[in-house]
Amino acid sequence: MYSDARLIGNDTTVKTDICIIGSGPAGITLASELLNSGLNTTILESGDDKHTQFGNDLNKGSLSGMLNQATDEVRARQVGGTANHWIVKMASNTGNGFRFVPLQAMDFDSWPVSKADIDPYYQKVHQLFKLGPFAYNDPDVWKADTDGPTLTNDGISSGIFSFCSTHYFTRQIPDLIKDSPTHTLYKNATVRELQVSPDGKQVIAAKVVTPEGKEFRVEAKQFILAAGGFGVPQLLLNSKSANHPNGLGNNQDVVGRYYIDHSLILHGYFQVESKLLEKLKFYDMRDVNGVSVIGSIGLPETVKQQHSLQNLEAMLFPKPGVRDYNAFKSAQEFAWALQGKPMSLPLWKNTWNVIKGLPYLMHIAYQKFAKGMIIMPGLATGGWSHLSTQELQRRYQIIELIGMTEQKANPNNRVTLSDTLDPLGIPRIRVHMEPDDADIPSILATEQRLVTGLQASGFGEFHSYNGQDGKQLNYYTRTCHHLMGTARMGNDPATSVVDADCKLHGIDNCYIASSAVFPSGGYANPTMTILALSLRLANRLKQLSGVQVAEPT
């Protein structure tokens, strides 16, 4: 059932078997896996059903280094968490979703578990969220009525992103919890700190505060932190005690360190002919048997490992000619400036680009608002593969290469607590990130190999947006808001926060369900791996509680 924490009496104690802190995709999925276990489960959500200004204010923090997206813009305190932010328009007008893809085997080199350990849970994710066959290593499965993965050759390989709908996390699973006799989700319940036993080896209670300042406790046998890559370290660092003076799980000063994300890189563009686009429809957003997918390109794992290259996967998007595309991008910059965001080009340059491309901008505005047509394929929309050859030729003259890349883990990139308090008296976070020296050379080397492989498949001259001196990159976004690594998994407590079961080192009953535990992030959007780890953790919790478990195969 649902309950509003503001209705609970001050200094009340709620007792339960399982306490899950956070109701985003990780927490809500973990809770759903416990629905038939008979375990009393309490979910504590800091926000409400919908976005609130108060919840948004709690997310505010400070940034330094390369970061430029405010912390309150990349977090979501409401039921469903950041699933409420997913904006990709899935194929066949089936709503909003987000990219799902598993980590590759090489990404697990720094993990205390292997891809083989997680694959059964990836497959279960596919079953639960109706994502079709678990066939990321066999893109031909997703060929449908296209020519298939035509860009696969000796130098490059083709891959697939699938897309999962937001409604599972914002409506469907929350509705199941509303009807559950064993589960209670408390809204407006912010956990200020975790209280430990006198010996410091167990969490005995979560101390909760409501927006009005009312306080109560939740006592549980097991605690799971599912508050995201920023919320988890914030809570751990604020949970200080005699046994843990620097914060829970932080006796080795690791909590909050090794913050990683993904960067989106604008690599450049190729001049293309419409007959080539006809062969590339596999790489558009399409519906294949009810599953939205898009093709991608990257380097074979063996090549990345042989040359010590960080993981990167790229996508291809048709665009109009250079003049018109520049006008579109400058018009976007003006729109973003109205939201208070800085322009990447000088004002005069953006103004001149818009003036030169004004006829094109007027044309696509008419196409968009009068006819509902897709105006610019990109990260959040597709559909160009349904166009006729003549329409492809009329609309698109170039094809842009955009990559999503791994960031190397660095202990100096971190989340800490500031001296500024939020309205509930909790220290706000301070986030610092700088690019690693190895990032830029690796990205540019990968770019060159991708270009060579694409030209071997018929692409023409490449126009790079990036400096080939290895000293600069054209970032679309420096981070993708994939908040990872801040409570990393490992066998050594000196360099990690949780073990292979996602349990805090030295704490008997506290676990983390979040991308915060990722030691590395590959290129993959983290949500699919978050869900796989949450399902794995649910099985572990049931085993500890004496509930019979059928392991996925």
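**Close-up views: salt bridges and a hairpin**

View A. Aspartate 501 counts as partly exposed, at 31% relative accessibility. Partly exposed lies between buried (under 20% relative accessible area) and exposed (over 50%), with a 1.4 Å probe and protein chains only. The model is predicted: local features need pLDDT of at least 70, side-chain atom pairs count only at pLDDT 80 or more, and totals for chains, interfaces and linings use all residues. Residues are numbered from 1 along each chain as its sequence is written, and side-chain values use heavy atoms, with hydrogens and water left out. Aspartate 501 forms a salt bridge with arginine 540, and the closest N and O atoms are 3.9 Å apart. The pair links distant parts of the chain, 39 residues apart: arginine 540 sits in helix α13 (residues 527-544), aspartate 501 in the loop between β20 (475-477) and β21 (510-512). Helices (H or I, at least four residues) and strands (E, at least two) are DSSP runs, numbered from the N terminus. Arginine 540 is also partly exposed, with a relative accessible area of 31%.

**View B. Arginine 414 and aspartate 253.** A salt bridge joins these two side chains, with the closest N and O atoms 3.4 Å apart. Arginine 414 lies in strand β17 (residues 414-421) and aspartate 253 in the loop between α5 (228-238) and β12 (262-271), so the pair ties together parts that are 161 residues apart in sequence. Arginine 414 is partly exposed at 21% relative accessibility. Aspartate 253 is partly exposed at 35%.

View C. Side chains of opposite charge can pair when their charged atoms come close. The rule for a salt bridge is a side-chain nitrogen of Lys or Arg within 4 Å of a carboxyl oxygen of Asp or Glu. By this rule, the count is 21 salt bridges. One of them joins glutamate 219 and arginine 217, at 2.7 Å from N to O. Glutamate 219 is partly exposed at 25% relative accessibility, and arginine 217 is partly exposed at 24%. Elsewhere, salt bridges link Asp4, Arg6, Asp48, Asp49, Lys187 and Glu212 in a network.

View D. Strand β10 (residues 203-209) pairs with β9 in the antiparallel sense over six bridges. Two strands pair if DSSP finds at least two bridges between them. Valine 191 stands opposite valine 208 in β10. Six residues separate the two strands of the hairpin, and glycine 200 in the turn has a positive phi of about 75°.
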